[in-house]
Amino acid sequence: MEHRKRPLISNTAFLRRQLRFLLAAFVLVTASLSIGVAGYMHFAGFTFVDAFLNASMILGGMGPIGDLPNDAAKWFASIYA
């Protein structure tokens, strides 16, 4: 980031910087969502769609949707959240 006393960067450099940040955010969200989907599928026995829904809802701050069938699934959901 530029110091306030330095001139602004060009539009191209700014766009490149924004794309780098967007890519980093995409990688972070994809990795987090993948961990959640894999965990719900493994521990709770959910299908891909249900696991994706639950992981997405937790990452979005809404909380899990489905009932968790066993203690291992509840532990995973607690740690993942």
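Phe43 is partly exposed, at 34% relative accessibility. (Buried means under 20% relative accessible area, exposed over 50%, and partly exposed in between, with a 1.4 Å probe and protein chains only.) Phe76 counts as buried, at 13% relative accessibility.

This is a predicted model: local features need pLDDT of at least 70, side-chain atom pairs count only at pLDDT 80 or more, and totals for chains, interfaces and linings use all residues. Residues are numbered from 1 along each chain as its sequence is written, and side-chain values use heavy atoms, with hydrogens and water left out.

## Aromatic pairs

The structure holds six aromatic pairs. (Rings of Phe, Tyr and Trp, the last by its six-membered ring, pair if their centres lie within 6.5 Å; planes under 30 degrees apart count as stacked, over 60 as edge-to-face and the rest as tilted.) The rings of Phe43 and Phe76 are stacked, because their centres are 5.5 Å apart and their planes stand at 25°. Phe43 lies in helix 1 and Phe76 in helix 3, so the pair ties together parts 33 residues apart in sequence. (Helices are DSSP runs of H or I with at least four residues, numbered from the N terminus.)

Phe76 is buried, at 13% relative accessibility. The rings of Phe76 and Tyr80 have centres 5.5 Å apart and planes at 10°, so this pair is stacked. Both residues lie in helix 3, four residues apart, about one turn of the helix. Ring pairs link Tyr40, Phe43, Phe46, Phe76 and Tyr80 into a cluster.

## Helix 3

Ala73, Phe76, Ala77 and Tyr80 are buried in helix 3. They line one face of the helix, because they fall within an arc of 95° seen down its axis. (The arc is that of the directions from the helix axis to the C-beta atoms.) The face turned away from this buried side carries the exposed residues Asp71, Trp75, Ser78 and Ile79.

What covers the buried residues of helix 3 includes helix 1 and helix 2. At the start of helix 3, a side-chain oxygen of Asn70 reaches to within 3.3 Å of the backbone nitrogen of Ala72.

## Helix 2

Helix 2 spans residues 48-59, 12 residues in total. From first C-alpha to last, helix 2 reaches 16 Å, close to the 16 Å expected at 1.5 Å a residue. (The expected span is 1.5 Å times one less than the number of residues.) The buried residues of helix 2 are Ala51, Asn54, Ala55 and Ile58. They cover an arc of only 95° around the axis, which puts them on the same side of helix 2.

Their cover includes helix 1 (11-44) and helix 3 (71-80). Just after helix 2, Gly61 takes a positive phi of about 90°.

Phe46 lies in the loop between helix 1 and helix 2. Phe46 counts as buried, at 14% relative accessibility. Leaving aside neighbours within four places in sequence, Phe46 is in contact with Tyr40, Met41, Ala51, Asn54, Asp67, Leu68 and Pro69. (Contact means heavy atoms within 4.5 Å.) Phe46 and Leu68 are 22 residues apart in sequence and 9.2 Å apart in space, C-alpha to C-alpha.

The largest nonpolar core has 13 residues; Tyr40, Ala44, Phe46, Ala51, Ala55, Leu68 and Tyr80 touch the most other members. (A nonpolar core is a set of buried Ala, Val, Leu, Ile, Met, Phe, Trp, Tyr and Cys residues joined through side-chain atoms within 4.5 Å.) Helix 1, helix 2 and helix 3 each supply at least two residues of this core.

Conventions: A polar contact is a pair of N or O atoms within 3.5 Å; within protein, one must be able to donate a hydrogen and the other to accept it, and residues adjacent in sequence count only if both atoms are side-chain atoms.
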